[in-house]
Amino acid sequence: MNRAKAILFSIRFANSFRSTQFRRASSLCYQVTQSSRFSPSFSNQSFTSAFPYILYGKLFFSSKPTSKPNSIVELVLENDWSDELESELEKSSSVLTHETVIYVLKKLDKDPQRTWNFFNWVTEKNGFRPSSAMYSLILRSLVHGESMKQFWVTIRKMKEQGFCIDKETYLTILGVFKKGKMASEEVALTHFYNRMVQENAMDEVVKKVVELVTMSVWSSEVEKKLGELKNSFSDNFVLHVLRELRRYPLKALRFFQWVGECPGYEHSSITYNVIARVLGRDDSIGEFWSMVEEMKSKGHEMDIDTYIKISRQFQKNKMLEDAVKLYEIMMDGPYKPSVQDCTMLLRSISLSSNPDLALVFRVTEKYEAVGNSLCKAVYDGIHRSLTSVGRFDEAGKIMESMRSAGCEPDNITFSQVVYGLCKARNLEEACKLLDEMEACGCVPDIKTWTILIQGHCAAKEVDKALICFAKMMEKNCDADADILEVLINGFLSQKRIDGAYKLLVEMVNMAHLVPWQATYKLMINKLLGVRKLEEAINLLHLMKKQNYPPFPEPFIEYISKFGTVEDAGEFLNALSAKKYPSQSAYVHVFESFFQEGRESEAKDLLYKCPHHIRKHPDICKLFGSAKSEYATEKR
């Protein structure tokens with residue numbers, strides 16, 4: 001039995017912990033620095049006597065199971081590429097499957113050169129047939145580091161072999177280029193991607209198959225027509241159809257089942273993985289689990305890339321029971337999820353409105369059952385769920401267990417306690433905890449302060465949140481855009497627009513803070529909503545100083561309805577860093593005046609405009625058109 005199992009097992013059967021949970025929370029920092037004070041008890045039995053290995057950090061595991069995929073990964077990681085290494089890999093080539101290659105590429109993705117060497121050996125010297133999934137992984141690895149030459153070579157190989165970069169991979173790589181300000185690579189990638197899409201566009205048969213399946217209720221007549229359209233199938237054809245049917249999971253399944261029964265065709269691991277991705281959603285979850293069982297019975301495994309995509313989809317859609325069940329299945333197989341996958345799953349569970357500790361228990365139990373030792377990230381994952389549901393005594397035990405295992409609690413760990421206390425509206429204890437953190441050498445960082453202040457704002461205690469903010473500043477912890485956004489939202493939630501405005505201006509002018517553009521936009525909209533145009537224009541000036549793009553839309557709408565000619569002039573002056581804004585800005589203001597029937601204000605503004613604006617063809621055309629309409633209305 002492991003530490004997480006012991007603690008969570010005790011939680012499930014303890015009856016008397018709630019009466020002391022808040023009293024205990026304030027001494028969490030002291031607990032992890034003074035083990036002599038650690039003496040938790042439960043109603044049924046002594047925690048210490050029942051689970052002594054939690055206190056002393058002792059765990060006993062069977063030896064880690066030997067895994068062929070892992071042995072290949074270790075072989076590649078621990079050796080320089082050479083003929084000798086290839087000879088060793090040759091001994092493993094008889095067991096190479098698509099799933100194994102995907103697993104190895106995924107494990108090597110932080111080392112582009114080794115990824116490239118392994119991929120070349122597999123596909124060229126070993127004769128393994130590549131797939132679009134393999135190409136996606138190798139591209140995502142090569143885009144990092146000094147491996148751009150291999151990156152473009154790989155894209156050309158894909159194109160020559162008839163593969164196309166999928167949209168998700170394209171957008172991911174494009175994001176890397178944009179972040180690295182690699183403009184020429186951006187252009188080249190977009191060019192290659194667009195050409196690939198055109199050259200690999202659905203052929204007529206695929207189009208007809210997809211149209212027939214989506215537009216019809218499945219029947220023997222549909223099957224007959226499908227057979228007439230095509231009498232032989234390849235994996236690429238089936239993959240193409242399944243991807244086009246991804247928005248219709250049940251129809252995709254019927255096609256998958258039908259094509260699998262066609263003479264001369266048998267589904268491969270690749271097609272099984274694709275249909276699993278299609279079915280991994282809420283409206284086809286029963287069919288998904290049936291397909292997982294079918295894959296197993298046919299001797300196919302879910303590859304690690306498919307697992308990651310489906311698991312993330314489950315977590316995004318709050319299908320946590322399914323995410324945990326899938327994690328358990330993968331941990332029992334040869335292609336085990338990484339520690340990062342485990343901690344991401346634990347985090348998703350903890351972020352639900354009411355974390356299910358039974359799911360936390362299952363994840364940590366399975367993680368340790370395969371021979372893994374609990375690391376800091378996994379401890380934090382357990383701890384986060386406990387604090388989120390207000391079980392601070394048990395959270396304290398996890399913290400002590402962390403310390404016994406050599407993992408010192410840090411700002412991440414304590415921030416979770418602060419979050420839990422704020423969620424339970426125990427704000428005073430949350431504030432005390434930050435003082436205790438500092439006393440025991442763990443100085444609260446900006447994220448910890450942000451959680452505390454956000455907790456106060458959520459509890460409608462904005463004034464106390466401001467006190468916490470002032471205290472943070474006194475301790476030389478610099479504010480950032482996130483914490484300012486939290487405070488602004490806190491003020492606005494109580495309709496304290498003036499207070500929000502003053503805080504924003506003061507932080508920009510006095511603390512030289514650069515707020516998020518979204519914060520500026522929100523504040524401008526709120527100010528205009530209560531007819532505070534002068535203050536809104538001041539924020540537009542501040543945005544301009546901080547090199548944000550102009551935000552004219554709400555001003556134009558407001559001024560056209562309620563503003564004066566002077567207001568319009570002030571707005572136009574604030575809009576651009578140059579002496580005059582563009583002529584299009586003037587056009588939009590004039591048009592808005594005309595739409596509101598305020599022709600006289602439009603003319604007055606025109607007379608105050610610079611000469612080059614008054615004589616601009618677009619402006620002259622606009623006023624000429626307005627005159628014609630006015631004359632028509634008079635007649």
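Cys 609 is buried, because its relative accessibility is 5%, where buried means under 20% relative accessible area, exposed over 50% and partly exposed in between (1.4 Å probe, protein chains only). The model is predicted, so local features need pLDDT of at least 70 and side-chain atom pairs count only at pLDDT 80 or more, while totals for chains, interfaces and linings use all residues. Residues are numbered from 1 along each chain as its sequence is written, and side-chain values use heavy atoms, with hydrogens and water left out.

**Cysteines**

The structure contains 0 disulfides, a disulfide being a pair of cysteine sulfur atoms within 2.5 Å. Cys 375 takes part in none, and the nearest cysteine sulfur to it, that of Cys 407, lies 7.2 Å away. With a relative accessibility of 26%, Cys 375 counts as partly exposed.

**Aromatic pairs and charges over rings**

Rings of Phe, Tyr and Trp (its six-membered ring) pair if their centres lie within 6.5 Å; planes under 30 degrees apart count as stacked, over 60 as edge-to-face and the rest as tilted. Two of these pairs are set out below.

| Pair | Centre distance | Plane angle and class |
|---|---|---|
| Tyr 135 and Phe 163 | 5.4 Å | 55°, tilted |
| Phe 288 and Phe 314 | 5.5 Å | 90°, edge-to-face |

Tyr 135 belongs to helix 10 (residues 132-142) and Phe 163 to the loop between helix 11 (148-160) and helix 12 (167-179), so this pair ties together parts that are 28 residues apart in sequence. Helices here are DSSP runs (H or I, at least four residues), numbered from the N terminus. Tyr 135 is buried at 1% relative accessibility, and Phe 163 is buried with a relative accessible area of 12%.

Elsewhere, Phe 151, Trp 152, Phe 177 and Phe 192 make up one aromatic cluster.

A charge sits over a ring if NZ of Lys or CZ of Arg is within 6 Å of the ring centre and within 35 degrees of the ring normal. The charged end of Lys 325 is placed over the ring of Trp 289 in this way, 4.2 Å from its centre. Likewise, the charged end of Arg 531 sits over the ring of Phe 562, 3.8 Å from its centre.

**Cavity and pocket**

On a 1 Å grid over the protein atoms alone, a cavity is a set of points where a 1.4 Å probe fits but cannot get out, and a pocket is an open set with protein on both sides within 12 Å along at least five of seven lines; lining residues have an atom within 4 Å of a point. Grid points are joined across faces, edges and corners, and a volume is the space filled by probe spheres set on the points.

The largest cavity has a volume of about 30 Å³. Its lining consists of Tyr 307, Ile 308, Ser 311, Arg 312, Gln 315, Asp 341 and Met 344. Helix 20 supplies the largest share of this lining, 5 residues.

The second largest pocket has a volume of about 500 Å³. Of its 18 lining residues, the closest to the centre are Arg 347, Ser 415, Gln 416, Tyr 419 and Ile 451. Helix 26 (411-423) and helix 28 (446-458) each supply at least two residues of the lining, and helix 26 gives the most, with 7 residues.
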